[in-house]
Amino acid sequence: MRKTILTVDDSRTMREMLLLALQDAGFHVLQAEDGLKGLEVLKGQQADVIITDINMPRLDGFGFIEHVRRDATHRAVPILVLTTESDTEKKSRARSAGATGWIVKPFHPVKLVDAIRRVAG
């Protein structure tokens, strides 16, 4: 069965790049432009893996991850952080919030798909 990936990023270009890379790999892709929209999407759909940016308006990636982890329906969904940030403190904060892994932009499509397949099981 085809896995569903939710991408949450305020950059339209990044969402389009993720959409192309993930669809080419055979994934079904849901998209949101910030954390609040990501939570709305999750109310109606189940994702197998979530990919989120950190720096976004309205609700940043840290807050988004915390909200997802508090919801029993999505608590176990792997969350990969995809960001330009590489700061150790931010990685630690993301891990504390409940992130599964960290990928620094720009991403390599093959490595991203491999990471998704690893965490999706």
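At what angle do the axes of helix α1 and helix α5 cross? In this predicted model, helix α1 (residues 12-24) and helix α5 (residues 109-120) cross at roughly 65°, and their axes come within 10 Å. Angles from 65 to 115 degrees count as roughly perpendicular, so α1 is described as roughly perpendicular to α5.

Which residues make this contact? On the α1 side they are Leu18, Ala21 and Leu22, while α5 brings Pro109, Leu112, Val113 and Ile116. By class, the contact of α1 with α5 has seven nonpolar residues, with no polar and no charged ones. The crossing of α1 past α5 is right-handed.

## The sheet

Let us turn to the strands. There are five of them in an open sheet, and reading across it gives the order β2-β1-β3-β4-β5, with parallel pairing. The edges belong to β2 (28-32) and β5 (101-104); each has a single partner strand, so one side of each is left without a neighbour in the sheet. From one strand to the next, the twist averages 20°. As background, strands of a sheet pair through backbone hydrogen bonds, in either a parallel or an antiparallel way.

## From β4 to β5

How many bridges join strand β4 to β5? Four bridges link β4 (residues 79-83) with β5, and the two strands run parallel. You can find two of these pairings by residue: Leu80 has Gly101 of β5 as its bridge partner, and Val81 has Trp102 of β5. To get from β4 to β5, the chain passes through helix α4 (residues 88-97), and this β-α-β crossover is right-handed.

## Helices α2 and α3

Another pair of helices to look for is α2 and α3. Helix α2 (residues 35-44) packs with α3 at an angle of about 25°, and their axes are 9 Å apart. Angles under 35 degrees count as roughly parallel, and α2 and α3 are therefore roughly parallel to each other. As α2 passes α3, the crossing is right-handed. The contact involves Gly35, Gly38, Leu39 and Leu42 of α2, together with Phe64, His67 and Val68 of α3. Sorted by class, the contact of α2 with α3 has four nonpolar, three polar and no charged residues.

Helix α3 also leads back to the sheet. This helix (residues 61-70) lies across β1 (4-8), β3 (49-52) and β4, and runs at about 160° to β3.

Key:
Residues are numbered from 1 along each chain as its sequence is written. This is a predicted model: local features need pLDDT of at least 70, side-chain atom pairs count only at pLDDT 80 or more; totals for chains, interfaces and linings use all residues. Side-chain values use heavy atoms; hydrogens and water are left out. Two strands pair if DSSP finds at least two bridges between them. Axes are lines fitted to C-alpha atoms, for helices over the stretch in contact, and angles run from 0 to 180 degrees between N-to-C directions. Contact means heavy atoms within 4.5 Å. A crossover is right-handed if, with the strands pointing away from the viewer, the path from the first strand over the helix to the second runs clockwise. Angles under 35 degrees count as roughly parallel, over 145 as roughly antiparallel, 65 to 115 as roughly perpendicular and the rest as oblique. A crossing is left-handed if the near helix is turned anticlockwise from the far one by less than a right angle, and right-handed if clockwise. Ala, Val, Leu, Ile, Met, Phe, Trp, Tyr, Cys and Pro count as nonpolar, Asp, Glu, Lys and Arg as charged, and the others, Gly among them, as polar.
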